[in-house]
Amino acid sequence: MAQTLDLLRQEHREMRVLLDALEQQLDLFEQAGEPDFELLSEIVDYFRGVPDLYHHPKEDLIYYYMSLRVTEENELRVDLHAEHDRGSDLLNIFARHLMRVLLGVELPRDLVVKTGRAFLENEKRHMDAEEKSFFPAAQQFLTQEDWSQVDERVMRRRDPRLEEQAQHRFRLVRALLN
Ligand SMILES: [Fe+2]
Ligand SMILES: [Fe+2]
């Protein structure tokens with residue numbers, strides 16, 4: 001089993017924990033409760049920074065090797081880059097709304113909740129699709145040599161010092177994941 005796929009699946013499990021926490025906070029906000037805005041902001045900041053730095057590059061690398069192995073029968077049916085861009089766009093819309101609420105602007109709760117849900121549902125759907133289609137297809141079509149190269153490049157790029165700093169920065173997220 002490729003190390004990189006194990007890492008990606010582990011990162012998905014962690015992101016799902018954070019998306020569940022986000023969903024709980026949105027439920028609370030929708031029911032006229034007072035959400036934990038500090039946690040909400042931290043989850044948004046986390047998703048704005050960490051996946052692009054540590055998660056998507058690994059998927060891009062696998063995607064690149066997949067593109068080398070594609071034939072007419074196993075044509076790639078997913079555009080990962082477009083999907084990741086769409087996730088960022090939805091997150092930016094939600095982040096803007098959340099910031100306005102934090103600055104005291106009166107916004108309809110429904111609107112804030114709707115944009116938050118649009119982001120998290122898209123993110124869950126995207127991860128489901130990767131786990132059900134993209135990862136198994138990669139397992140099937142990449143050669144042993146491809147996986148050795150992917151794993152080697154991913155491990156070489158890892159910077160434990162930077163990862164530790166990121167962990168340090170996101171105190172509430174870390175508490176959820178530990
Ligand atoms: Fe992805
Ligand atoms: Fe992913």
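1. In this predicted model, the cover over the buried residues of helix 3 includes helix 2 (37-69) and helix 4 (109-141). The residues of helix 3 that are buried are Gly87, Leu91, Phe94, Ala95 and Leu98.

2. Just after helix 3, Gly104 adopts a positive phi of about 90 degrees.

3. Helix 2 also packs against helix 5 (residues 144-157), at an angle of about 155 degrees and with 10 Å between the axes. Because angles over 145 degrees count as roughly antiparallel, helix 2 and helix 5 are therefore roughly antiparallel to each other, and their crossing is right-handed.

4. In the contact between these two helices, Lys58, Leu61, Ile62 and Tyr65 of helix 2 meet Asp146, Val150, Arg153 and Val154 of helix 5. The residues of this contact divide into five nonpolar and three charged, with no polar ones.

5. As for the chain as a whole, its secondary structure comes to seven helices and zero strands, and the pattern read along the sequence is α-α-α-α-α-α-α. The C-alpha trace spans about 55 × 40 × 20 Å along its principal axes, and 22% of the 178 residues count as buried. Among contacts with a separation of 6 or more, 77% are between residues 24 or more positions apart.

Methods
Residues numbered from 1 in each chain as written. Chains lettered and ligands numbered in written order. Predicted model: local features only at pLDDT ≥ 70, side-chain atom pairs only at ≥ 80, totals over all residues. Buried ≥ 20, exposed ≤ 12 C-beta atoms within 10 Å, placed from the backbone. Helix = DSSP H or I, 4+ residues; strand = E, 2+ residues; numbered from the N terminus. Contact = placed C-beta atoms within 7 Å. Axes fitted to C-alpha atoms, helices over the stretch in contact; angles between N-to-C directions. Parallel < 35°, antiparallel > 145°, perpendicular 65-115°, else oblique. Left-handed = near helix turned anticlockwise from the far one by under 90°. Nonpolar A, V, L, I, M, F, W, Y, C, P; charged D, E, K, R; others polar.
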